[in-house]
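Take a look at the sequence and the structure first, then try each task before reading on.

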Amino acid sequence: MATGRTHRPATRSRGIPEATVARLPLYLRALTALSERSVPTVSSEELAAAAGVNSAKLRKDFSYLGSYGTRGVGYDVEYLVYQISRELGLTQDWPVVIVGIGNLGAALANYGGFASRGFRVAALIDADPAMAGKPVAGLPVRHTDELESIIRDNGVSIGVIATPAGAAQQVCDRLVTAGVTSILNFAPTVLSVPEGVDVRKVDLSIELQILAFHEQRKAGEETGPAAAAASRAGTPARTAPGTGGGKGPEGDVPAVMPA
């Protein structure tokens, strides 16, 4: 089986937009679920609904792959699974190293979805000497002193950083120098990398803050009609908890605390 060193997907050379690339895993997940239920074909509307996108966008995305489906029949599920997997580079073996085996790193190491999606955890690496040799998810933790040799010996091109923020950039620099060209960053910091190195950042706190924003907005929409009704009745409206009913610097806009 080929390793991540021998081949790279041709999405960029073929001009597939990054937004389309970002949606391909969503389609693949939905198609895999259909395949597991032995569903032979699926319409663009059904697949779009399962993936959480609109059908016009899905058809446009698939046109970049050269897949247009059959009118009145839809898309062949098994063929699309293969086609998208090939486009994403998942028909080969991608060795991955995880650096930082704390709670998050250990959870990632124990995630069972890597192997079924074409990713092989080649090594777990941590800076704590006390962790060296301890088994996590069936693999012994290796010390960071071995990082470069591990990457070289396993042909690793994808690294996962799950260290504290203060150590992330140094780890990133060592990974890149050793030959890693794609990094998945779970550390709560922005990494600086040279051209040609791809970084995907996963920040759970940011995602929670975005959800908090939407919850606050929904709460405001719910209190809006009540405020209007109270105004018509000539009674003061009750403000949402924590707003204080105050005005902002412009006099008519509620003050918002900075992030």
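**Exercise 1: a residue in a loop**

A137 sits in the loop that joins β5 (135–136) and β6 (139–143); strands here are DSSP runs of E with at least two residues, helices are runs of H or I with at least four, and both are numbered from the N terminus. This is a predicted model, in which local features need pLDDT of at least 70 and side-chain atom pairs count only at pLDDT 80 or more, while totals for chains, interfaces and linings use all residues. Residues are numbered from 1 along each chain as its sequence is written, and side-chain values use heavy atoms, with hydrogens and water left out.

Task: find the phi of A137 and say how accessible A137 is.

Step 1. Phi of A137 is near 55°, a positive value in a residue other than glycine.
Step 2. The relative accessibility of A137 is 41%, so A137 is partly exposed (buried is under 20% relative accessible area, exposed is over 50%, partly exposed is in between, with a 1.4 Å probe and protein chains only).

**Exercise 2: a helix and what follows**

Task: describe the span of α1, its buried residues and the residue S38.

Step 1. With 19 residues, α1 reaches 28 Å from its first C-alpha to its last, close to the expected 27 Å (1.5 Å times one less than the number of residues).
Step 2. Buried residues of α1 include L24, Y27, L28 and L31.
Step 3. The buried residues of α1 pack against β1 (41–42), α2, α3 and α4 (contact means heavy atoms within 4.5 Å).
Step 4. After α1 comes S38, with a positive phi near 60°. S38 belongs to the loop between α1 and β1, and its relative accessible area of 64% makes S38 exposed.
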